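Subject: Handover of a structure and notes on it

Dear colleague,

Please find below the structure that I am handing over to you, followed by my notes on what was found in it. I would be glad if you could read the notes with the coordinates open beside them.

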Amino acid sequence: PTHRATHSGIVRLDSPRLRLIADVGALCPDELPAHAQADTFTFELSVDGIRLIVDAGVDEYAPGPWRAYYRS
């Protein structure tokens with residue numbers, strides 16, 4: 001089944017073994033256009049309850065190895 005939180009743009013697709021959670025809403029808030037690149041087809045995938053592809057997000061703005069890793 002598909003579940004959609006219409007106010008957030010998040011959808012969840014479930015099958016017996018797979019779960020896909022994806023952001024299919026607007027790219028970014030109108031007041032934060034610089035964040036659009038971080039919101040382009042954001043998704044997470046689980047197989048048999050194990051999260052295989054995870055959106056780590058970005059937890060810092062200062063240049064450095066962790067920011068480069070998160071953004072990769």
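Leaving aside its neighbours within four places in sequence, which residues is Ser46 in contact with? Ser46 is in contact with Arg17, Leu18, Arg19, Arg51 and Leu52, where contact means heavy atoms within 4.5 Å.

Before going further, please note that this is a predicted model, in which local features need pLDDT of at least 70 and side-chain atom pairs count only at pLDDT 80 or more, while totals for chains, interfaces and linings use all residues. Residues are numbered from 1 along each chain as its sequence is written, and side-chain values use heavy atoms, with hydrogens and water left out.

Overall picture

The protein has 1 helix and 5 strands, and from the N terminus on its elements run β-β-β-β-β-α; helices (H or I, at least four residues) and strands (E, at least two) are DSSP runs, numbered from the N terminus. Buried residues make up 17% of the 72 residues in the protein, where buried means under 20% relative accessible area, exposed over 50% and partly exposed in between, with a 1.4 Å probe and protein chains only. The accessible surface of the protein comes to about 5,700 Å², of which 61% belongs to carbon and sulfur atoms; these areas come from the Shrake-Rupley method with a 1.4 Å probe, and for residues only the protein chains shown count as cover. Of the contacts in the protein with a separation of 6 or more, 15% are accounted for by residues 24 or more positions apart.

Strands and hairpins

Two strands are taken to pair if DSSP finds at least two bridges between them. Strand β2 (residues 10–14) and strand β3 (residues 18–23) run antiparallel and are joined by 5 bridges, and a hairpin leads from β2 to β3 through 3 residues. The bridge partner of Asp14 in β3 is Arg19, and Arg19 also stands opposite Ser46 in β4. Strands β3 and β4 likewise run antiparallel, with 5 bridges joining them, and Leu18 stands opposite Val47 in β4.

Ser46 itself lies in strand β4 (residues 43–47), and it counts as buried because its relative accessibility is 15%.

What is found in the turn between β4 and β5? These two strands form a hairpin with 2 residues between them, and Asp48 in the turn has a positive phi of about 50 degrees, although Asp48 is not a glycine. With a relative accessibility of 46%, Asp48 counts as partly exposed.

Surface patch

Leu52, one of the residues in contact with Ser46, has its place in strand β5 (residues 50–53); because its relative accessible area is 56%, Leu52 is exposed. Together with Ile50 and Ile53, Leu52 forms a nonpolar patch on the surface, and the three have about 290 Å² of accessible area together. Patches are made of residues with over 30% relative accessible area and no salt bridge, with like charges joined within 9 Å and nonpolar side chains (Val, Leu, Ile, Met, Phe, Trp, Tyr) within 5 Å; a salt bridge is a side-chain nitrogen of Lys or Arg within 4 Å of a carboxyl oxygen of Asp or Glu.

The helix

Arg67 is placed in helix α1 (residues 65–71) and is buried, since its relative accessible area is 16%. Leaving aside its neighbours within four places in sequence, Arg67 is in contact with Val58, Glu60, Tyr61 and Ala62, and the C-alpha atoms of Arg67 and Gly57, which are 10 residues apart along the chain, are separated by 9.5 Å.

A search of the whole structure finds 1 aromatic pair. Trp66 and Tyr69 form this pair, which is edge-to-face, with 5.8 Å centre to centre and 85 degrees between the planes; rings of Phe, Tyr and Trp (its six-membered ring) pair if their centres lie within 6.5 Å, and planes under 30 degrees apart count as stacked, over 60 as edge-to-face and the rest as tilted. Because they are 3 residues apart in helix α1, Trp66 and Tyr69 are separated by about one helical turn, and both are exposed.

With kind regards
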